[in-house]
Number of protein chains: 2
Amino acid sequence: MAQFMNTKEDIVTEAVDGIVAASGGKLARLDGYPHIRVVIRNDWDKSKVALVSGGGSGHEPAHAGFVGEGMLTAAVCGDVFASPSVDAVLAGILAVTGPAGCLLIVKNYTGDRLNFGLAAERARAFGLNVEMVVVDDDIALPDLPQARGVAGTLFVHKIAGALADQGKDLDTIAIAARKVISGTRSIGMSLDTCTVPGSPKEDRIPEGKAELGLGIHGEAGVEQVEFRSAREGIAAVVDKLALTMDHKTHIALLNNLGGASVLEMSVLLHELIGSPIAGQLSHVVGPASMMTSLDMRGFSVSVYAADASELRLLESSTELAAWPGLSEIKPITVEALPDGLTPITPLPSDHDETRVFLTDCCNVMIALEDDLNALDAKSGDGDTGTTLAGAARSLINAMDRLPLADHTQLYRAIGLELSQTMGGSSGVLLAIFFAATGDGASSGLPMREALKAGLQRMQEIGGANLGDRTMVDALAPALEALTHGLQEAAEAARSGANHTATIVKAKAGRASYISAKQLEGHVDPGAEAVARLFEHLAA
Amino acid sequence: MAQFMNTKEDIVTEAVDGIVAASGGKLARLDGYPHIRVVIRNDWDKSKVALVSGGGSGHEPAHAGFVGEGMLTAAVCGDVFASPSVDAVLAGILAVTGPAGCLLIVKNYTGDRLNFGLAAERARAFGLNVEMVVVDDDIALPDLPQARGVAGTLFVHKIAGALADQGKDLDTIAIAARKVISGTRSIGMSLDTCTVPGSPKEDRIPEGKAELGLGIHGEAGVEQVEFRSAREGIAAVVDKLALTMDHKTHIALLNNLGGASVLEMSVLLHELIGSPIAGQLSHVVGPASMMTSLDMRGFSVSVYAADASELRLLESSTELAAWPGLSEIKPITVEALPDGLTPITPLPSDHDETRVFLTDCCNVMIALEDDLNALDAKSGDGDTGTTLAGAARSLINAMDRLPLADHTQLYRAIGLELSQTMGGSSGVLLAIFFAATGDGASSGLPMREALKAGLQRMQEIGGANLGDRTMVDALAPALEALTHGLQEAAEAARSGANHTATIVKAKAGRASYISAKQLEGHVDPGAEAVARLFEHLAA
């Protein structure tokens with residue numbers, strides 16, 4: 001599958017330039033492309049301890065996305081999944097380190113350890129005070145003396161970053177960072193491998209399996225496990241974490257490895273906070289993409305038993321969009337449904353004249369069933385007549401429940417009936433028409449104006465304009481002509497309906513998907529229904 | 001491909017519960033599962049205008065992720081890609097709407113328009129003041145009278161949200177929202193389709209093609225275009241946008257449709273701010289996943305010519321992690337590389353005894369080349385001898401550049417030479433050893449202690465402990481024994497080296513990948529080199 005890149009040689013420098021350009025001037029980069037790719041804070045005055053991290057690229061937003069107030073001072077970016085050179089790291093250190101010194105935060109991969117380590121030595125030769133901590137939070141291989149550094153690194157960035165921001169000295173920050181590292185545990189799971197730029201994708205994970213305990217460089221997981229659900233996936237991860245967790249309360253960090261959807265990550269969060277370790281989790285960072293493995297469809301969970309002061313450091317604010325913040329996990333507040341979902345049923349009342357009129361209208365629609373269906377069959381699925389006749393029959397059945405003596409309430413009541421009995425968008429639109437007409441009437445509009453207000457609302461919601469080959473083409477002119485009497489209204493409705501037979505480009509409703517040839521010469525069935533109704537009333 | 005979900009029936013309710021549980025108590029949901037899935041602010045007092053949005057799920061973080069101070073008041077979540085019911089929308093409206101009224105922000109899809117529209121009518125029947133705006137920012141189909149609502153909806157959420165937060169009245173907010181809608185234009189591009197939960201993935205887009213002008217529900221794009229690079233992809237998108245942009249300065253919103261990696265999104269941003277419309281873009285929101293289409297590997301760009309007051313509303317802060325904030329696009333600051341990348345070269349000085357000693361040591365290593373290679377071939381690639389001999393030859397050649405008369409500087413200088421001439425991790429580790437020894441010496445440690453400090457630093461960086469079958473197994477006991485003289489040191493080195501032949505489980509270095517059988521009975525070549533050197537010096 002293709003990727004949004006230009007060349008694999010330029011991918012890192014272009015990404016870095018993108019990040020710097022969109023930082024609002026808060027970031028800068030060092031000269032030295034293509035080999036030296038260092039992102040630094042633009043406002044850095046060297047009065048505080050500098051925090052420098054980095055490593056191979058492909059883990060974005062780590063690490064350049066975490067450069068800013070309250071987190072890192074500089075990020076040194078290697079090629080995708082490859083350590084930056086000693087010179088690049090040294091450039092980063094020298095660019096930001098002042099009298100307060102510098103802490104290097106390095107993920108435990110040989111290349112990074114060596115290159116950052118040697119760069120530190122060279123910086124020390126200049127008299128700079130440089131400490132280095134190595135993050136090894138991965139528990140995928142419990143017997144490995146050199147555990148990998150993965151997403152738990154973010155705990156170190158945030159806690160050390162907050163301390164540095166407070167002006168703490170290098171020793172204090174290094175000790176705090178080592179404490180966090182010693183207590184942080186992470187493990188990941190993935191349903192698919194990542195796509196390394198310029199390389200073919202390795203299809204290693206068969207359908208129905210997940211890799212557990214994988215690294216962030218596309219290296220294979222420790223084992224392939226059955227994958228049936230998010231719940232089982234979280235259970236497998238949590239099983240491993242639980243073995244390393246004491247009874248203390250922990251902070252969880254839920255990291256998207258890059259390719260899981262935001263929806264999936266929320267489901268994973270739901271499972272995590274319902275998992276066997278949930279009782280030991282007080283807060284969560286994320287879910288968010290923090291330490292990715294390019295586009296890997298996977299996640300990782302990191303846990304750390306932060307003490308009260310560390311919790312405050314994790315909670316402290318930063319403007320960095322890549323840091324999702326820390327949230328307390330709380331029981332879900334479920335609010336009762338509001339009153340009013342059961343619609344207000346108006347008091348039934350009788351009114352002979354209205355009953356007769358309404359029944360008459362309904363009978364017109366019932367009588368039209370076959371004609372309208374036949375018309376609709378020419379350009380649609382032939383059910384307009386049945387839909388309208390069905391609604392008319394329901395309305396006749398509902399007659400005793402209607403407030404026939406209160407015309408203002410009656411429109412709303414008809415709208416409510418139609419919304420409950422008619423399916424499809426036409427039912428909703430007619431319901432909106434009658435409800436809005438009722439609104440207009442109740443706010444004191446004369447009936448004709450109320451009907452026009454109803455039409456306008458229906459057009460707003462439905463999106464149909466005059467000439468769009470809908471019932472509007474008959475109803476709108478009819479309501480306009482109503483000032484001059486029913487006869488004029490009927491004539492206007494008929495003229496409007498007939499005109500729809502010449503409209504070959506429908507712009508709204510289902511007919512908009514039909515070709516011109518199929519439409520030509522056929523009146524729109526909705527418009528025809530309106531015309532027939534007015535003609536009957538005028539007769 | 002499998003997804004991180006349990007069942008497609010539960011995916012939305014579980015995701016909603018995940019979001020609410022991790023909101024730190026800031027969000028609640030309404031009772032009414034499974035059909036009514038409404039996320040609301042938990043601290044809402046109805047004194048301000050409520051903003052209600054929503055629609056089908058699958059676009060996370062839209063819309064539940066944008067519920068909170070300064071943005072939405074409630075989000076109504078339908079099934080994946082399906083409008084929520086009228087009842088669900090009404091429940092949302094009723095739950096949060098007070099005397100100040102409510103604005104519904106709806107993306108222009110028929111189902112959403114109708115269901116939100118009818119819910120609005122039903123809410124009005126309760127006397128509530130409800131307005132509705134319909135976002136139609138998609139320009140994929142310029143002739144379509146009903147343009148779709150896509151990521152530009154975020155501009156409306158943020159601007160209306162900030163106004164509501166300020167206590168503005170419903171009319172003011174609705175007018176502002178309609179202004180934003182009328183000026184917002186969006187278009188998307190994707191390299192792959194999305195995976196709808198529970199449905200097989202449609203492989204519609206062939207290799208080398210991208211879909212331009214696609215919607216956010218997996219519907220096909222307007223056209224498939226050649227895709228060769230991020231630059232061409234952005235160019236195709238920008239071409240369409242440019243046609244709709246006047247000369248004003250615009251805000252861009254760069255949205256990840258869900259499956260593009262963070263690295264790719266930064267490259268796209270780089271291309272966007274170098275594109276032909278760059279001169280008209282002052283700020284950017286993102287790149288971030290804001291209005292996704294599940295896991296679609298695609299992006300969209302939205303533009304809006306915000307005026308000064310709208311810019312302030314977009315810039316106003318919100319605690320919502322899903323809103324990435326607005327950043328000014330500025331020219332990239334490129335800082336000059338710091339001095340010091342060219343290592344400090346110590347003043348050369350001569351000292352006969354040192355020259356003889358050092359040359360002697362180097363010659364030992366050169367003489368050992370074949371023996372060490374043979375030993376290494378038993379458990380590795382047989383180049384340890386060549387590597388060390390090469391370094392020794394380089395050091396002899398460098399002799400005239402070294403500060404032979406200044407022993408403190410000499411160690412650092414040797415480290416520097418080794419780091420520049422030896423390849424691989426062993427070169428870096430020896431460079432670190434000598435550099436750190438020099439550090440120790442320059443800080444006043446006696447030579448033996450300085451060497452031990454160098455060893456310790458090398459172990460820290462390299463990660464090798466005693467018993468890990470490395471040169472440390474000879475060097476550490478040798479330096480310990482050095483108090484008693486060279487003879488004792490040589491004996492300790494030999495004993496340590498020989499012991500490595502019995503270590504069949506290497507824990508560091510390349511030998512850790514080799515099986516026990518291949519290692520047994522063979523002394524580690526690095527340890528052997530150390531032993532031979534001490535034996536020579538003691539002889």
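Over all chains of this predicted model, the count of salt bridges comes to 67. One of these joins Arg457(B) to Glu121(A), with the closest N and O atoms 2.6 Å apart. The pair crosses between chains. Arg457(B) belongs to helix H14 of chain B, residues 447-462. Glu121(A) belongs to helix H3 of chain A, residues 110-124.

The interface of chain B and chain A was examined next. Contact involves 111 residues of chain B and 111 residues of chain A. The size of an interface is often given as the accessible area lost when the parts come together. Here, chain B and chain A bury about 9400 Å² between them. Carbon and sulfur atoms account for 67% of that area. Six salt bridges are found across the interface of chain B and chain A. A salt bridge also links the side chains of Arg297(A) and Asp295(B), at 2.8 Å from N to O. Polar contacts across the interface of chain B and chain A come to 36 residue pairs, both residues being at pLDDT 80 or more. On the side of chain B that touches chain A, helix H7 of chain B (residues 262-272) gives the largest share, nine residues. By class, that side of chain B has 59 nonpolar, 27 polar and 25 charged residues.

The two chains also meet through strands. Strand E14 of chain A (residues 334-335) pairs with strand E1 of chain B (residues 27-30). The pairing is parallel and runs over two bridges. Within it, Glu335(A) stands opposite Leu30(B) of E1(B). These strands are part of an open sheet of seven strands, in the order E14(A)-E1(B)-E2(B)-E4(B)-E3(B)-E5(B)-E6(B). Pairing in this sheet is mixed. Its edge strands are E14 of chain A and strand E6 of chain B (130-135), each of which pairs on one side only. Inside the sheet, strand E3 of chain B (residues 50-57) and strand E5 of chain B (residues 102-107) run parallel and are joined by four bridges. Leu51(B) has Leu103(B) in E5(B) as its bridge partner.

Another open sheet of seven strands has the order E6(A)-E5(A)-E3(A)-E4(A)-E2(A)-E1(A)-E14(B). Its pairing is mixed. Strand E2 of chain A (residues 38-41) runs antiparallel to strand E4 of chain A (residues 74-80), and three bridges join them. Val38(A) stands opposite Val76(A) of E4(A).

Within chain A, the domain assignment gives three parts: domain 1 (1-135), domain 2 (182-196 + 207-332) and domain 3 (352-538). The contact between domain 1 and domain 2 of chain A takes 18 residues from each. Taken over C-alpha atoms, the centres of domain 1 and domain 2 of chain A are separated by 25 Å. The area buried between these two domains of chain A is about 1500 Å², and carbon and sulfur atoms give 65% of it. In domain 1 of chain A, His59(A), Phe81(A) and Tyr109(A) lose the most area to domain 2 of chain A. Together they make up 32% of what that side buries.

Polar features of this domain contact were also counted. There is one salt bridge between domain 1 and domain 2 of chain A. A salt bridge is formed by the side chains of Lys26(A) and Glu319(A), at 2.4 Å from N to O. Eight residue pairs are in polar contact between domain 1 and domain 2 of chain A, both residues being at pLDDT 80 or more. The side of domain 1 of chain A that touches domain 2 of chain A has eight nonpolar, six polar and four charged residues.

The backbone of chain A also has local features to record. A cis peptide bond joins Ala62(A) and His63(A), with omega about 5°. His63(A) is in the loop between strand E3 (50-57) and E4 of chain A. The peptide bond from Gly286(A) to Pro287(A) is cis too, with omega near 5°. Pro287(A) is placed in strand E11 of chain A, residues 281-288. Leu294(A) is not a glycine, yet has a positive phi of about 55°. Leu294(A) lies in the loop between E11 and strand E12 (298-304) of chain A.

Note on methods. Residues are numbered from 1 along each chain as its sequence is written. Chains are lettered from A and ligands numbered from 1 in the order in which they are written. This is a predicted model: local features need pLDDT of at least 70, side-chain atom pairs count only at pLDDT 80 or more; totals for chains, interfaces and linings use all residues. Side-chain values use heavy atoms; hydrogens and water are left out. Domain bounds come from an automatic or database domain assignment. Contact means heavy atoms within 4.5 Å. Buried area is the accessible area (1.4 Å probe) that two parts lose on being put together, summed over both. A salt bridge is a side-chain nitrogen of Lys or Arg within 4 Å of a carboxyl oxygen of Asp or Glu. A polar contact is a pair of N or O atoms within 3.5 Å; within protein, one must be able to donate a hydrogen and the other to accept it, and residues adjacent in sequence count only if both atoms are side-chain atoms. Ala, Val, Leu, Ile, Met, Phe, Trp, Tyr, Cys and Pro count as nonpolar, Asp, Glu, Lys and Arg as charged, and the others, Gly among them, as polar. Two strands pair if DSSP finds at least two bridges between them.
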